[in-house]
Amino acid sequence: MRLFLPLLVVVGSAFGAVIDLRDAVVVVRPGAAKAEKTAAVVLVEEVEKRTGVHLATSTTWPSDKTVIAITSGDATVPKAEGYHLFVD
């Protein structure tokens, strides 16, 4: 029996905000580097494994959904691990 855990992110105590990511879409830019595509796949798999929530993926930014954007930022300086989290 799989335990369903809601996928929620609490954004810093200063903000006191909760973001519901159950309907979020993982967006990877068209023509993304292999590392970006892999990061999106791993994120979707890990979220599903840990919460039971399967996130949709897209190469276009949806207007009516919360977006988790995957990008390498500075592609000239590749790093094996690392991330930045921005909430807007």
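**Sheet, helix and core in the predicted model**

Val27 has Ser58, a residue of β4, as its bridge partner. The structure described here is a predicted model. The strands β3 and β4 run parallel and are joined by three bridges. They belong to an open sheet of three strands, arranged in the order β4-β3-β5 with parallel pairing. At the edges of this sheet lie β4 (56-58) and β5 (67-70), each of which pairs on one side only. From one strand to the next, the twist averages 25 degrees.

Helix α1 lies across β3, β4 and β5, and its direction is at about 170 degrees to that of β3. The helix comprises residues 34-51 and includes Glu36. With a relative accessibility of 2%, Glu36 falls under the 20% limit and is therefore classed as buried. When neighbours within four places in sequence are set aside, the contacts of Glu36 are Val28, Arg29, Ile70, Thr71 and Ser72.

Two of these contact residues, Val28 and Ile70, are also members of the largest nonpolar core. This core consists of 11 residues: Leu21, Ala24, Val26, Val28, Ala32, Ala40, Val44, Val47, Val53, Leu55 and Ile70. Two or more residues are supplied by each of β3 (25-28) and α1. The greatest contribution comes from α1, which provides three residues. In soluble globular proteins, nonpolar side chains tend to be buried together.

Terms used. Residues are numbered from 1 along each chain as its sequence is written. This is a predicted model: local features need pLDDT of at least 70, side-chain atom pairs count only at pLDDT 80 or more; totals for chains, interfaces and linings use all residues. Side-chain values use heavy atoms; hydrogens and water are left out. Helices (H or I, at least four residues) and strands (E, at least two) are DSSP runs, numbered from the N terminus. Buried means under 20% relative accessible area, exposed over 50%, partly exposed in between (1.4 Å probe, protein chains only). Contact means heavy atoms within 4.5 Å. A nonpolar core is a set of buried Ala, Val, Leu, Ile, Met, Phe, Trp, Tyr and Cys residues joined through side-chain atoms within 4.5 Å. Two strands pair if DSSP finds at least two bridges between them. Axes are lines fitted to C-alpha atoms, for helices over the stretch in contact, and angles run from 0 to 180 degrees between N-to-C directions.
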